[in-house]
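Work through the exercises below with the sequence and the 3D structure at hand. Each task is followed by a solution in steps.

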Amino acid sequence: MSRSYSQAARKALSEKELEKEEREKERKKEREKEREEERKKELYSKGCVAQCINFVVGEASKEVNDLDVQEKFSRNLATILARDKEVVAVWLRILQDRCEIYFSKNSCWLDKDNEYIENITNYLKNISKNTPAKSEDNESDFIVAVAYYCYTKLKYRLNKLKGDLRFCGNNEYVKYFINLLSNKENNKNPMMISKVCSKVYMDVKNEPDVPTKFLEHLKKAGSYMVSVRGILRCAYNAQYKSLFSNVRIIKVDPVIINKQPIYSWKNIIKRFIDEDKYNRFMDRCSENPEVMERINKVYTVYTNNATREQPLDGIDVIQCDTYLHAELGILALIINKKINSRVFIAVSKSCCYLCGLYLDFVIEQGYNITIYGKHMKLYSRWIFPHVDNNDFNARSLKFLIENLNRIIEKNLNKPIKSLPAGPDRTWKTSNRGYRQT
């Protein structure tokens, strides 16, 4: 009897100890989560300050040129998936029995996006299925679908070219472009103009006297027809029939935070300098319109109906509409899947400074990731990519914060650089400096 009682007591004690251990594990997880949230708040806050005082951190890196056929296909898909101002990333993964294509976006997937993706997938499947026969109807439908979906962004890029024609109209290469466009067959729709842009770019890209911006705008406007042609070549290639017939499209869910708490401008800067130096620093900032523009942009809350300027020395400060950048949505998947082989992530726009910095950290951990170019601009409305490994999250957060610390420290005790607030922005004065219009 006593022996049975002793066994029952030990069992009960053991169960209590297990329950205690489980509770302790849960508390530990909660503490780790709280620490991570605090570190992310610090990261976002320092990102805001760093953007204001050093918008362009370094020189943009060149695009990757040694891409294989599958990587070029991914890049072409990324181009035709960017409908307007959103950024799209693509990862093409070839498996033994199928092809997986991951699409990631920095905004919500709309019904028109889903319909477009389904339509172009079907057109390409049909073209591949009928190869080597020509699928003129499917090919025509594919081009029309791309032209309609990408119209806004292509039109935006063509408008930039119009500016080049006004300011560089006497340049012989610009005249060559204008002459080609004078043919009605070449300018009857934006996709035909894109075709002309791609031709002129290839003809003049190595000429020393071509205006740099004109060449850049030619390439971007021409990229649509280049991408369409590249995708169609793959679809018509019998070698890829099995991949097109067994393709699986996976859309990564976007991560968007409408109200992200951050520390105020003064709170962050005073972690590096005292009150007197802070006041002198603010005097220098107030003499630089570009810096004041960025400060106002970052610390003003924009809503559908109104704008609200937040005090730079306030306590409760928020950022609106922060989002996970498209390439990081895919990168987080690769880390969680522990894929160490070479992966190319195609992005419709070169990645920003913080994305490039996070990518550098990921590569240091043994991952073989390539992304198509970095523009080195610092954007504050940026979300940290959470992965399953908590230690990886902690170390990457530390790495990012340390780099932002260096940027802030470097700029606090020297003249503030005069850097542009951003592309295609107009501003007007407000009570605190400037505000976006």
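A residue counts as buried when its relative accessible area is under 20%, and as exposed when that area is over 50%. The model is predicted.

**Exercise 1. Describe the aromatic pairs formed by Phe177 with Phe214 and by Phe344 with Tyr372.**

Step 1. Search the whole structure for aromatic pairs; the count is 11.

Step 2. Take Phe177 and Phe214, whose ring centres are 5.9 Å apart with 65 degrees between the planes, an edge-to-face pair.

Step 3. Phe177 and Phe214 are both buried.

Step 4. Take Phe344 and Tyr372, again an edge-to-face pair, at 6.5 Å centre to centre and 85 degrees between the planes.

Step 5. Locate them. Phe344 is in strand E8 (residues 343–347), while Tyr372 is in the loop between strand E9 (369–371) and helix H15 (390–412), 28 residues apart. Phe344 and Tyr372 are both buried.

**Exercise 2. Find the partners of strand E1 (residues 88–94).**

Step 1. Check burial. Five of the seven residues of E1 are buried, so the strand is largely enclosed by the rest of the structure.

Step 2. Follow the chain to strand E2 (residues 99–105), which pairs with E1 in the antiparallel sense over seven bridges. The two strands make a hairpin with four residues between them.

Step 3. Within this pairing, Trp91 is opposite Tyr102 of E2.

Step 4. Look for a further partner: E1 also pairs with E8, antiparallel, over two bridges. Here Val90 has Ala346 in E8 as its bridge partner.

**Exercise 3. Decide why helix H12 (residues 289–298) and strand E7 (residues 317–323) can each be called largely enclosed.**

Step 1. Begin with H12: eight of its 10 residues are buried, so the rest of the structure largely encloses this helix.

Step 2. Name them. The buried residues of H12 are Val291, Met292, Glu293, Arg294, Ile295, Asn296, Lys297 and Val298.

Step 3. Look at the N-terminal end of H12, which is capped by Asn288: a side-chain oxygen is 3.1 Å from the backbone nitrogen of Glu290.

Step 4. Go on to E7. Five of its seven residues are buried, so E7 is likewise largely enclosed by the rest of the structure.

Step 5. Identify a partner of E7: strand E4 (residues 256–262) runs antiparallel to E7 and is joined to it by six bridges. Lys259 has Cys320 in E7 as its bridge partner.

Conventions: Residues are numbered from 1 along each chain as its sequence is written. This is a predicted model: local features need pLDDT of at least 70, side-chain atom pairs count only at pLDDT 80 or more; totals for chains, interfaces and linings use all residues. Side-chain values use heavy atoms; hydrogens and water are left out. Buried means under 20% relative accessible area, exposed over 50%, partly exposed in between (1.4 Å probe, protein chains only). A polar contact is a pair of N or O atoms within 3.5 Å; within protein, one must be able to donate a hydrogen and the other to accept it, and residues adjacent in sequence count only if both atoms are side-chain atoms. Rings of Phe, Tyr and Trp (its six-membered ring) pair if their centres lie within 6.5 Å; planes under 30 degrees apart count as stacked, over 60 as edge-to-face and the rest as tilted. Two strands pair if DSSP finds at least two bridges between them.
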